[in-house]
Amino acid sequence: DAPADWTVTLVEAGAGESTITLDTATQGGALILTTDDAENDGVKIQLKGEAFQLVTGTKIYFGIKLKVSDATQSDFFAGLSITDTTILDGASDYVGFRKVDGSTTVNGVLNKNTTETTGTALTCDTSYHIYEFYFDGTAVHFLVDGTEITALAQTNLPDDEMLTPSIEFLAG
């Protein structure tokens, strides 16, 4: 069961059920998102309440340890987004890491009013990676496993909206 302070949307076209499970056996704990068995089944999670705004002079950090079970046939987003249950399918404003179905490329993305700027972060595999970004008040620095991969200037920085921590995973 999801905590009460998170909005959870389960997407299920198949006969089973997508689930969220807390794995306390994993050091530090792990949230396991398991999808149903059809294309684009998945789990979308957002913290209730938008509390972050990327404006010049502010500093914001986001980090997540994440792995996928299929490096090509999966979609995910992890970062800060406006409140929207369809981040991958068309949220207008967000900043974070995105991978789309049919590709192994994970991108750092700035999206403002559905116009985006991207930078390649890494080639996805099925290992755990620590995805982080840091807004220093001028640019967004994207890091994977502690190494800066790309930095994006304020072009398409979603600075006119309040954002909330968000995760979305869809099966491919």
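In the predicted model, aspartate 93 is buried but forms no salt bridge. The nearest side chain of opposite charge belongs to lysine 112, at a distance of 6.8 Å; this pair is not counted as a salt bridge because the cut-off is 4 Å. Aspartate 93 is located in the loop that separates α1 (87-90) from β7 (94-99). A polar atom of its side chain lies 3.1 Å from the backbone nitrogen of asparagine 113. Beyond four places in sequence, the contacts of aspartate 93 include Asn111, Lys112 and Asn113, together with Pro158, Asp160, Glu161 and Leu163. Ser81 and Ile82 are also in contact with aspartate 93.

Serine 81 belongs to strand β6, which covers residues 74-81. Its relative accessible area is 0%, so serine 81 is classed as buried. Apart from residues up to four places away in sequence, serine 81 touches Asp93 and Tyr94, as well as Gln46, Ile87, Ala91, Leu163, Thr164 and Ser166.

The largest nonpolar core contains 36 residues. Those touching the most other members are Leu54, Phe76, Val95, Phe97, Tyr131 and Val140. In soluble globular proteins, nonpolar side chains tend to be buried together. With residues up to four places away in sequence excluded, phenylalanine 97 touches, among others, Phe76, Phe77, Ala78, Val106, Tyr131 and Phe142. Asn107 and Glu132 are also among the residues that phenylalanine 97 touches.

Threonine 21, in strand β2 (residues 19-23), is partly exposed, with a relative accessible area of 38%. Threonine 21 touches Ala30, Leu31 and Ile32, leaving out residues up to four places away in sequence. The C-alpha atoms of threonine 21 and threonine 34 are 8.1 Å apart, with the two residues 13 residues apart along the chain.

Terms used
Residues numbered from 1 in each chain as written. Predicted model: local features only at pLDDT ≥ 70, side-chain atom pairs only at ≥ 80, totals over all residues. Heavy atoms only, no water. Helix = DSSP H or I, 4+ residues; strand = E, 2+ residues; numbered from the N terminus. Buried < 20%, exposed > 50% of the residue type's maximum accessible area, 1.4 Å probe, protein only. Lys, Arg positive; Asp, Glu negative; His and termini not counted. Polar contact = N/O pair within 3.5 Å; in protein donor to acceptor, adjacent residues only side chain to side chain. Contact = heavy atoms within 4.5 Å. Core = buried A, V, L, I, M, F, W, Y, C linked by side-chain atoms within 4.5 Å.
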